[in-house]
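Dear colleague,

I am handing over the structure below, and after it you will find an account of what came out of it. Please read it with the model open beside you.

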Amino acid sequence: MKILIVDEVGYSCHFHARLIEKFGYIACTATSGFEALNYLKTDNDINIVITDLMMRGMDGVDLYQEAQKLLYQEAQKLERYTDEGQLDPPQFILMTALRLEKNLQDKDVHRLKLAKEIGISKVMFKPLDQKELEEAIKELVAKGPVTASNGKQLDLYKATQELKETVKEIIESGNSDAAEKVIGCLNSEVSTLEKFIETVGIV
């Protein structure tokens with residue numbers, strides 16, 4: 001999993017890249033939207049882009065829109081492939097020090113509102129909370145489709161969200177018997193998956 005950090009402030013780029021590596025992912029950096037676009041054109045391993053909103057020349061919203069043009073417009077569509085097949089477009093996290101509650105007429109605040117409307121996966125506010133960022137990345141990874149060997153896409157995000165909701169309901173209900181049954185079921189399924197992984201030689 002490779003994550004591209006885009007921020008024209010060198011220190012911020014370096015800090016967030018080290019943070020991403022601390023989470024166990026590969027990080028690369030760009031100090032402008034134009035440099036980030038070149039990365040996306042040449043590096044198929046980038047799965048997530050974390051970009052600052054306010055940058056000179058091409059801000060974070062512009063970068064997202066230009067990336068979408070590259071990935072979706074037929075005239076100049078950028079195909080992303082690896083040995084395993086075609087890749088999905090990278091997901092975007094937008095980071096900013098702006099707050100919607102302040103100066104609602106400010107053009108930069110309007111850019112932030114636009115970001116939420118056009119499909120950027122998540123907006124996070126500086127200074128980034130490390131735990132929140134790690135969870136946001138995990139959520140985006142889970143949302144990404146996984147393709148089975150028969151070509152069918154597996155919706156792991158939906159399955160994990162349903163499991164989380166079930167656990168939450170059990171805890172809220174205070175039903176310890178239900179909790180024990182779910183734990184037993186999960187342990188059994190984990191054992192099944194571990195045997196499967198051993199069978200296919202992943203470990």
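In this protein, 63% of the contacts with a separation of 6 or more are between residues 24 or more positions apart, where contact means heavy atoms within 4.5 Å. The model is predicted, so that local features need pLDDT of at least 70 and side-chain atom pairs count only at pLDDT 80 or more, while totals for chains, interfaces and linings use all residues. Residues are numbered from 1 along each chain as its sequence is written, and side-chain values use heavy atoms, with hydrogens and water left out.

The protein has 7 helices and 9 strands; these are DSSP runs numbered from the N terminus, helices being H or I with at least four residues and strands being E with at least two. Of its 203 residues, 31% count as buried, a word that here means under 20% relative accessible area, with exposed meaning over 50% and partly exposed in between (1.4 Å probe, protein chains only).

The largest nonpolar core has 24 residues, and the members that touch the most others are L4, V6, V49, L63, F92 and L94. Such a core is a set of buried Ala, Val, Leu, Ile, Met, Phe, Trp, Tyr and Cys residues joined through side-chain atoms within 4.5 Å. Two or more residues are given to this core by each of β1 (2-6), β2 (26-30), α2 (33-42), β3 (46-52), α3 (60-72), β6 (91-96) and α4 (107-118), and the largest share, 5 residues, comes from α3. There is also a second, separate core of 19 residues, which includes C13, A17, I48 and M124.

Returning to F92, and not counting residues up to four places away in sequence, this side of the picture includes contacts with L40, V49, T51, L63 and I120, among others. T51 itself lies in strand β3 and, at 1% relative accessibility, counts as buried. Leaving aside neighbours within four places in sequence, T51 is in contact with V6, G60, L63, F92, I93, L94 and M95.

The axes of helix α1 (residues 10-22) and helix α5 (residues 130-143) come within 11 Å and cross at roughly 60 degrees; axes are lines fitted to C-alpha atoms, for helices over the stretch in contact, and angles run from 0 to 180 degrees between N-to-C directions. In this contact F15, L19, I20 and K22 of α1 meet Q130, L133 and I137 of α5.

H16 is also found in helix α1, and at 7% relative accessibility H16 counts as buried. With residues up to four places away in sequence not counted, H16 touches I5, M95 and L128, and the C-alpha atoms of H16 and I50, which are 34 residues apart along the chain, are separated by 9.1 Å.

How many disulfides does a search of the whole structure find? The search finds 0, a disulfide being a pair of cysteine sulfur atoms within 2.5 Å. For C13, the closest cysteine sulfur is that of C28, at 9.6 Å, which is too far for a bond. C13 counts as buried at 3% relative accessibility, whereas C185 is partly exposed, with a relative accessible area of 44%.

With best wishes
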